[in-house]
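Here are my notes for you, in a few numbered points. Keep the structure open while you read, and look up each residue as it comes along.

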Amino acid sequence: MTRKMDSTKRYEKLREAVGNGDVDRRTFFGLLGSAGITAGLSGGIMTAMAGQARAAGVELHFEGWGGVVSEALRKHAFDPYEAATGNTVIDATFGGENEVLTKIKAAGSTSGHNILHSSGVSWYKRWVDNGYHVVLNEDNIPNLKNVMTTMIEPFRAITPEGLSAVPYDYGTTGIAYNTKHVSKEKAMELGADLLLDKELKGKIGGWGGDWANRAWYGALQSGQDPNNIEDWDAVWEKAREHRELVLKYWGSGAELMDLLAKEEIWVTEAWSGRVAALQAQGHPIAYMDPPNGLAWMESMFVLKGSPLAEAEELLNFMLEPETAIAVAAGQKYPSSLDPTKVDMPEEVTNLPAFDPTGKLEALVFRDPQTWNPQEKKQGAMWNRVKKGG
Amino acid sequence: MPDTATPIDKRPLVLLTPAFIAITALVVIPMSFILVYSFYENVDLAVDRVAFQFGNWQALFSDNYYHSAIWKTLRISVVVTVLAAVLGYLPAYFIAMTTFRHKWLLLLLLILPFWVSFIIRTLSWIHILGNQGALNGLFLWLGLTDEPLQMMFSEFSVMVGLIHVFLPYMILNIYVSLEGIDRNLEPAARTLGATPWQAFREVTLPLSLPGLAAGSLLVFVLTGGSYVTPLILGGPSDFLFGNLIYDAVVTELNWPMGATLSFTLLVLLGSVVILYSRFMGLNQLSKAFG
């Protein structure tokens with residue numbers, strides 16, 4: 001097992017585990033002390049030796065979202081793949097794909113970046129527009145035939161000459177609320193406006209990292225179709241209204257879970273899988289998708305310059321029904337495999353957003369044709385609104 | 001006629017050359033690139049056009065959004081510096097004046113935090129100031145409050161985090177300055193009739209000012225350039241100018257604007273160093289460092 005993870009990431013993961021109740025406080029401080037001593041004593045020597053130790057096979061660098069998602073991928077996909085092939089998957093966590101794009105641009109090369117747990121069709125288009133895509137040989141990924149056609153089509157429309165990614169999972173960004181402080185009746189009655197409830201001032205959170213997420217909810221709150229926004233001023237006015245009530249804009253899934261678990265916030269928009277993970281750990285957090293709530297799909301995107309044969313081998317391995325189902329159950333996001341072709345166990349069919357039809361018609365996705373052209377202007381606007389502008 | 005001209009001593013030049021090369025390669029050239037980049041035009045996300053235009057600078061000078069961020073950054077930097085100076089002087093004075101045999105142990109304790117990642121030290125405040133943190137736990141246990149006090153994600157928590165991280169720089173500078181003061185001066189002042197407070201105020205404090213000023217300069221500049229602490233410990237309104245740079249470079253993928261803001265921050269903080277040099281003299285820094 002190989003993970004590229006520095007001490008800070010380890011600490012964040014440990015903190016997340018404490019927040020989730022997986023590790024008690026005494027153990028936490030004990031581990032922290034041990035980690036400090038170990039880091040001080042071993043540090044660079046061990047890192048150098050570890051580098052030499054994994055000399056065999058091809059190395060694939062994977063970057064993803066961290067937390068329970070990365071854990072599931074490591075345990076159910078990467079470890080078995082490494083054991084089966086002798087190749088190595090070095091996985092790291094990013095805060096968002098813009099971080100990776102910034103690094104690649106700064107370095108002038110994709111060296112050290114091979115496969116991304118990429119977010120949605122919008123980012124697929126961005127990677128393609130920037131010339132970082134490849135053409136995968138689909139013959140080497142026979143398990144692609146089990147993936148929902150409706151998930152493949154948007155990607156193929158952007159690169160008709162061949163895919164640079166395989167769709168892997170999907171989920172929704174709905175609203176999470178603490179049932180000790182917010183009743184189900186109130187949540188259902190208010191829907192997206194629950195995020196604007198003045199009674200909850202100082203106990204509301206929001207995702208700070210994505211302008212489109214905020215704009216989507218601003219559209220819902222201002223009574224507009226999110227895929228056909230005509231009044232952007234109204235959208236940002238709602239975002240400003242929301243900002244006045246917000247305690248903290250969170251920046252990662254780990255921070256979201258920490259804030260909810262510690263009851264720093266009671267209400268926030270949230271990723272369905274992360275809430276499912278909190279629920280599984282016994283936290284009194286409920287989740288709802290308001291009407292026209294935001295759905296998204298994620299892909300495994302292969303960057304230009306990657307060892308293609310090995311990357312295709314890994315993607316095919318990850319799409320094996322057994323692997324994909326185990327990952328889905330672990331990360332709490334439904335798999336991209338078509339449930340009409342592959343039998344899904346109950347632990348997957350019970351996941352939030354799961355669609356048994358394999359057509360995803362009940363979910364509303366962001367239309368990249370209408371959203372991407374707005375990104376430059378409205379993304380900057382969101383950063384401004386977020387800071388009180 | 002004998003040649004009386006003094007031969008040029010080349011040793012300073014030789015000794016300074018590596019430093020000049022390093023500064024040129026690591027500071028001057030990169031900053032020049034950043035300045036040049038500030039004139040480029042961002043046409044779309046992550047897509048820049050080589051140009052010589054002043055659109056980014058015009059936005060900086062005309063947009064109140066940036067001005068308010070500069071003002072907020074200066075304000076927070078001043079407050080953090082003043083609080084760090086007040087909080088740092090006491091331990092520095094104690095370490096310098098103590099007759100404790102193992103003074104090295106106190107100094108070791110002072111630099112011990114540097115062994116732990118800055119991010120981890122910052123995150124640790126969530127465990128102290130958070131709703132389920134140590135302080136709220138204590139307050140609830142003592143019955144001082146019925147429900148947790150909201151201390152996290154505010155300007156207060158950001159300042160606490162900044163002071164926590166930068167305080168050792170202040171203490172070390174003041175300590176070095178105090179350590180260099182002749183121990184006989186205060187007793188001499190006392191024998192001339194000064195009270196302990198007068199002896200400190202009129203002898204020790206003025207002589208320790210170079211260290212205090214050097215520490216203040218460092219804390220001010222470091223605070224002014226921070227962006228991670230507000231990101232972790234702050235709420236929506238708690239940001240510094242560095243956060244705007246982060247937004248421009250990383251989230252908006254607008255490097256030309258990011259370059260403009262970065263160069264502005266460099267000029268602003270550089271101006272503080274120049275002002276310091278004008279009024280205190282940079283040679284005071286060398287005194288402070290012994």
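1. Start with a pair of side chains in chain A: A:Asp169 and A:Gln331 are joined by a polar contact of 3.0 Å. Keep in mind throughout that this is a predicted model.

2. A:Asp169 has another polar partner too: its side chain makes a polar contact with the side chain of A:His117, at 2.9 Å. To find A:Asp169, look in strand β4, which covers residues 165–178 of chain A.

3. Now for the charge on A:Asp169. Is this residue buried or exposed, and which side chain of opposite charge is nearest? A:Asp169 is buried, and the nearest opposite charge belongs to A:Arg274, 10 Å away. A salt bridge needs the charged atoms within 4 Å, and A:Asp169 has none.

4. Who else surrounds A:Asp169? Setting aside residues within four places in sequence, its contacts include A:Met151, A:Trp296, A:Met297, A:Glu298 and A:Tyr333. A:Pro334, A:Ser335 and A:Ser336 are also among them.

5. Over in chain B, have a look at B:Val272, which sits in helix α12 (residues 255–279). Not counting residues up to four places away in sequence, B:Val272 touches B:Leu217 and B:Phe220. B:Leu217 is 55 residues away along the chain, yet the two C-alpha atoms are separated by 7.9 Å.

6. Lastly, a word on confidence. Chain A has a mean pLDDT of 88, with 86% of its residues at 70 or more. Go carefully with residues 38–44 of chain A, though: pLDDT stays under 50 there, and the model gives them one contact beyond four places in sequence. Residues 46–50 of chain A also stay under 50, with zero such contacts.

Key
Residues numbered from 1 in each chain as written. Chains lettered and ligands numbered in written order. Predicted model: local features only at pLDDT ≥ 70, side-chain atom pairs only at ≥ 80, totals over all residues. Heavy atoms only, no water. pLDDT = per-residue confidence, 0-100. Contact = heavy atoms within 4.5 Å. Helix = DSSP H or I, 4+ residues; strand = E, 2+ residues; numbered from the N terminus. Buried < 20%, exposed > 50% of the residue type's maximum accessible area, 1.4 Å probe, protein only. Lys, Arg positive; Asp, Glu negative; His and termini not counted. Polar contact = N/O pair within 3.5 Å; in protein donor to acceptor, adjacent residues only side chain to side chain.
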